Amino acid sequence: MTDELPLTDYDQLPLGDLKHRIRSLTEEELRRVRDHERQHGDRTPVLQVIEARLDELGRGAEPAPGDQRNAPRVSGTAGEPPISPAHSPDGTTPLRHGVHEQTPSRGRN
């Protein structure tokens, strides 16, 4: 048995993608993924998705066709924002409704 996980870039997969990609895994492959998750991330929502799929397989569901090792690689890293902070406004940009503690002069000159 190899330590390689059956899902390409598993640690960078968002939960939504993971839900779809685990459907092609066998029970043994899914247990390897679950054990890896428990030892590394131990993320409750991920473990819930994996356990739910293991339950489906235990009740007779079949893995979907396809080989996840051929899936496209995930770009970026887990938790990395999709947009560079360099594209964010600087801290001095006024709020759309005005600047905090600044009252407009109304009719006063």
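## How the helices pack

Helix axes here are lines fitted to C-alpha atoms over the stretch in contact, and angles run from 0 to 180 degrees between N-to-C directions. The helices themselves are DSSP runs (H or I, at least four residues), numbered from the N terminus. With that in hand, take α2 and α3: they pack at an angle of about 160°, and their axes are 10 Å apart. Since angles over 145 degrees count as roughly antiparallel, that makes α2 roughly antiparallel to α3. Their crossing is left-handed, a label used if the near helix is turned anticlockwise from the far one by less than a right angle.

On the α2 side, the contact (heavy atoms within 4.5 Å) is made by Glu 27, Leu 30, Arg 31, Val 33, Arg 34, Glu 37 and Arg 38. From α3 come Val 46, Leu 47, Ile 50, Glu 51, Arg 53, Leu 54 and Leu 57.

## About the model

You're looking at a predicted model, where local features need pLDDT of at least 70 and side-chain atom pairs count only at pLDDT 80 or more, while totals for chains, interfaces and linings use all residues. Residues are numbered from 1 along each chain as its sequence is written, and side-chain values use heavy atoms, with hydrogens and water left out.

## The nonpolar core

The largest nonpolar core has 14 residues. A core like this is a set of buried Ala, Val, Leu, Ile, Met, Phe, Trp, Tyr and Cys residues joined through side-chain atoms within 4.5 Å. Leu 7, Tyr 10, Leu 18, Ile 22, Leu 30, Val 33 and Ile 50 have the most contacts inside it. The elements giving two or more residues to this core are α2 and α3 (44-58), and α3 gives the most, with 5 residues.

## A buried arginine

Which helix holds Arg 34? Arg 34 sits in α2, which covers residues 27-39. Its relative accessible area is 12%, so Arg 34 is buried (buried means under 20%, exposed over 50%, partly exposed in between, with a 1.4 Å probe and protein chains only). Leaving aside residues up to four places away in sequence, Arg 34 touches Leu 47, Ile 50, Glu 51 and Leu 54.

Asp 9 is in the segment before α1 (15-21). Its phi is near 50°, a positive value in a residue other than glycine. Asp 9 counts as buried because its relative accessibility is 16%.

Asp 42 lies in the loop between α2 and α3, and its phi is near 50° too. At 45% relative accessibility, though, Asp 42 counts as partly exposed.

How values were computed
Angles under 35 degrees count as roughly parallel, over 145 as roughly antiparallel, 65 to 115 as roughly perpendicular and the rest as oblique.
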